[in-house]
Amino acid sequence: MDIRSRALEDGRPTLSIRDLTVDFPKRTGSFRAVDGVSLDVWPGEIVGVIGESGSGKTMTALSTLRMLPKRAVVSGSIELGKRRILDLSPAEMRKLRGDRLSFIPQDAMRALNPTMRIGRQVGEPLVLHRGLPVRAAVSRAVDLLKAVHVREPERRVEDYPHGFSGGMQQRAMIAMGLALEPELIIADEPTTALDVTVQAQVLKLLKEIRDREATSILFITHDLGVVAELCDWVYVMYRGKIVEQGSVERIFTDPRDDYTKMLLAATPTLFPREAAI
Amino acid sequence: MMAATAGFDFHRWRLVLLGGLLVGIVLFAAIFAPWVAPYSPFDLDVTKMLQGPSAAHWLGTDELGRDVLSRAIYAARVSMQVALLAVTVGLVGGTLIGMTAAYFGGLVEQALMRAVDLLFSFPAILLAVVLMASLGTSVLNAMIAIGIVFIPGFSRLARASTQAVLRQQYIEAARSIGMSDVRIIFREILPNIMAPLIVEAAVAFAYAVLLESALSFLGLGAQPPDPSWGNMLSTGRGFMAQAPWLSIVPGMAMFICVLGFNLLGDGLRDVTDPHMRE
């Protein structure tokens, strides 16, 4: 029995998106970036959203965080547990971000403030949401960095981001995302900027976190290999719509939508003949 | 890069050092004026009016027999005080306006930046004179007036720098952990736009010294008998033929001071500009 069918028995998904539509008004008419997307992430589940650039996957993620550009027009419903995200006030939304709901961005190098020490940044959610004094937050950051396997965290919290390697920066971002044990982590291509060996380590780390904390993860990517490695359930997006969904095994062995088939066929492999199945 | 790893890179820092030296001399004279100056700047000696440079009075005496060197040294105090406060007013005011405008955008930005444009459209000295006329003539008001003159420049610089920083992902990341707007402005943006603002502040310092002298020259800044380079020049103008040192000394003092701050500003600009690093 996979995670999804198990979770279905006891009720409520961590994240539930229904008929989400995001429009960007243009001079004439508007551009529909997300078109009637519905998806669920169940407790302890890693859900992949896969699609090419411009397919609306990042817009879907940003809608959940309510971090879309101001001019975007959003409709539909997004529920995190029992909270209706789209109905929250900006202040309520701010309390949710980084606390119940955290975000791991694409490029950790650019997502860390170059003028602030790592420990201070990793501990920031604790200062913001729990009112911890800075020193306590930094000492908590040491534990968090340890949990994501940064070596010598006691020393490393004093470093500035430029002293960290790409993989370590992404670990620091993940540590920051974990600080308050969120219900849901949204990761937007967190491994794209990393080289392959480091990528594998980061994916392993995310899996480990899910197993340890039972956190739900919504994983945005364009990389089928990453999906196969990490996810339990996959949504395939194309031109703002979800064209297919299913368990990873099913999507890879028995793709039904033409776009999904094309996507699978386009993946380079060592054994081209097998890929043609 | 090669020289940087070899330790201190003199070539890269030479302007900063030279500027810093000149500024250091002026600041030292200003801070330690009572110990550096050979005489009191106020002691009259009518028996020694308009005397040329001598062993007793290195840079001569003025029309009331006061020691010109001592007066020039004390005048540095006025200039430095005015420049420091004026630049602070301009830096703080301009940075707040520029960051706010860039961060919130839309109508807020339009309103703030058009107000700044209005200030910018006046010639600096005219704006300062108008402000002095409405505030009254005193050194404190001169500081405020010059500070207001600086606000547009700092606003625009802060706004442009903020816009560049806003495109960075760490701003999005800060928002994604639930940081408030005010906190993002002061903790995330401000530290990342400080470098160009500090460079601008050094250049503004030089300009503030000149503006203060101009206001004093016009009788709007430091009031006699308090010495300032501007009012010394103004007095010297009447004795240009008999006692040229009365004009030359404050003129040279201003020259050294302004040159020092400009070199410091240019040097800092080069040092902090990543494109200038090889």
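Biologist: How many helices and strands are there in chain A?

Modeller: Chain A has 13 helices and 10 strands, counting DSSP runs numbered from the N terminus, with helices being H or I of at least four residues and strands E of at least two. Bear in mind that this is a predicted model, where local features need pLDDT of at least 70, side-chain atom pairs count only at pLDDT 80 or more, and totals for chains, interfaces and linings use all residues. Residues are numbered from 1 along each chain as its sequence is written, while chains are lettered from A and ligands numbered from 1 in the order in which they are written.

Biologist: And what's the radius of gyration of chain A?

Modeller: It's 19 Å, close to the 19 Å from the globule rule for 277 residues, so chain A is as compact as a globular protein of that length. That's over C-alpha atoms, and the rule is 2.2 Å times the number of residues to the power 0.38.

Biologist: Is helix 2 of chain A mostly covered or mostly open?

Modeller: Mostly covered: 9 of its 9 residues, 57–65, are buried, meaning 20 or more other C-beta atoms, placed from the backbone, lie within 10 Å of a residue's own. Among them are A:Lys57 and A:Met59. Across chain A, 45% of the 277 residues are buried.

Biologist: What follows helix 2?

Modeller: A:Arg66, with a positive phi near 55°.

Biologist: Switching topic, how many residues of chain B are in contact with chain A?

Modeller: 14, against 22 residues of chain A, with contact meaning C-beta atoms, placed from the backbone, within 7 Å. Helix 8 of chain B gives the most to its side, with 6 residues.

How values were computed. Buried ≥ 20, exposed ≤ 12 C-beta atoms within 10 Å, placed from the backbone. Contact = placed C-beta atoms within 7 Å.
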